[in-house]
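Here are a few notes to read with the model open beside you.

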Amino acid sequence: MHGHSNLTKENDSHLCAFLGMTAVIRSTPMRQLMQTIEKVAKSNAIVLVTGETGSGKEVVARAIHHHSLRCARPWIDVNCAALPDHLLESELFGHERGAFSGADSMKQGLFELASGGTLFLDEIGELDLKMQVKLLRVLDGAPYYRLGGTRKVSVDVRIIAATNVDLRQAVENGSFRRDLYHRLDQARLEVPPLRSRPGDVEALAHFFLQKEAAHLRFSPAAMEALQSYSWPGNVRELRNAVVKAALVAEGDAIVLRDLPPALYVAQPNSSSRGRTLEDLEQHAILSALSETGGRQDRAARLLGISQRTLIRKLKIYNGQETSRTPMALVG
């Protein structure tokens, strides 16, 4: 997809592609976020993208580059938590031959490779304080040395950073530099969690199912369960739930029993008033299965019942008279 998305039009598609990643944009919060992205993208301001894990921060970062004046220039991304500190420094700033054991040749860093374009620093809240100091100097426009180098390097890079950490709290507890935080916070975009945009759940679920098993559909009960769940893992958790359900589904539809245990029964209300003993028992069993990753033997021990009793209860919940136990509950 190229150019403006014009998401304000009611008849526009809710699917957008940004640098190889597809975004589902149906809900009002996401449409508003995309409109803000298009405005922010035209500047060279550093952007801090915040949000819960799995909510789609990388898609937002790629969308910023896609709509920016640098869209034809390099897009480089790095996960700051994925590399040890000594390797991350070499990755970001490069090294000269002989700078350390194994450095057999000169290597440009990601800042150099992204020059003229965008460098996306994911999970920036995981940087150690030493790396934060060096990063701050570069963000302030200061030239830097490659590891083991004697010649300074200057780059022109637009920075987008992302984190699921509360950086303001990290500043207060001393794990993140205040000056770096303010440098990064020129423009902040917060990705809303999936539970606050239920309009996207159905669209995302159908999108993932189409990619995984286009011949399947969701039963009304299964879709209701997907839409009523709180999704603490956000889009990533939803994708995994759809993939797992598609693997165990029989026939042409994903039904309630095909979903992972956490979705198999409605979450308990803050009060148990009005719930029958059978409701409470069912929730206790399915919660134990969720806690043990679907292992029936462990769930039975946790509940203080036999595994045979547990299996019999599951058959009742599934409305089955056969001996089949739902694979989604086996793990």
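Is Cys71 buried, exposed or partly exposed? Cys71 is partly exposed, with a relative accessible area of 44%; buried means under 20%, exposed over 50%, and partly exposed is what falls in between (1.4 Å probe, protein chains only).

1. Ground rules. This is a predicted model, so local features need pLDDT of at least 70 and side-chain atom pairs count only at pLDDT 80 or more, while totals for chains, interfaces and linings use all residues. Residues are numbered from 1 along each chain as its sequence is written, and side-chain values use heavy atoms, with hydrogens and water left out.

2. Cysteines. If you were hoping for disulfides (a pair of cysteine sulfur atoms within 2.5 Å), the count is zero.

3. Aromatic pairs. There are six of them in the structure. Rings of Phe, Tyr and Trp (its six-membered ring) pair if their centres lie within 6.5 Å; planes under 30 degrees apart are stacked, over 60 edge-to-face, and the rest tilted. One of the six is Phe93 with Phe111, a stacked pair at 5.5 Å centre to centre and 5 degrees between the planes. Phe93 sits in helix α3 (residues 85–93) and Phe111 in helix α4 (residues 110–113), so this pair ties together parts 18 residues apart in sequence. Helices here are DSSP runs (H or I, at least four residues), as are strands (E, at least two), numbered from the N terminus.

4. A tilted pair. Phe207 and Phe208 have ring centres 5.6 Å apart and planes at 55 degrees, so they count as tilted. Phe207 is buried at 18% relative accessible area, and Phe208 is buried at 10%.

5. The largest nonpolar core. A nonpolar core is a set of buried Ala, Val, Leu, Ile, Met, Phe, Trp, Tyr and Cys residues joined through side-chain atoms within 4.5 Å. The largest one has 32 residues, and Leu92, Phe111, Leu119 and Leu121 touch the most other members. Elements that each supply at least two residues include β4 (75–79), β5 (118–122) and α5 (129–139); α5 gives the largest share, five residues.

6. Leu119 up close. Leaving aside neighbours within four places in sequence, Leu119 is in contact (heavy atoms within 4.5 Å) with residues including Ile76, Leu92, Phe111 and Ile160.

7. Another core. A second, separate core has 29 residues, among them Ala213, Trp231, Ala249 and Ile254.
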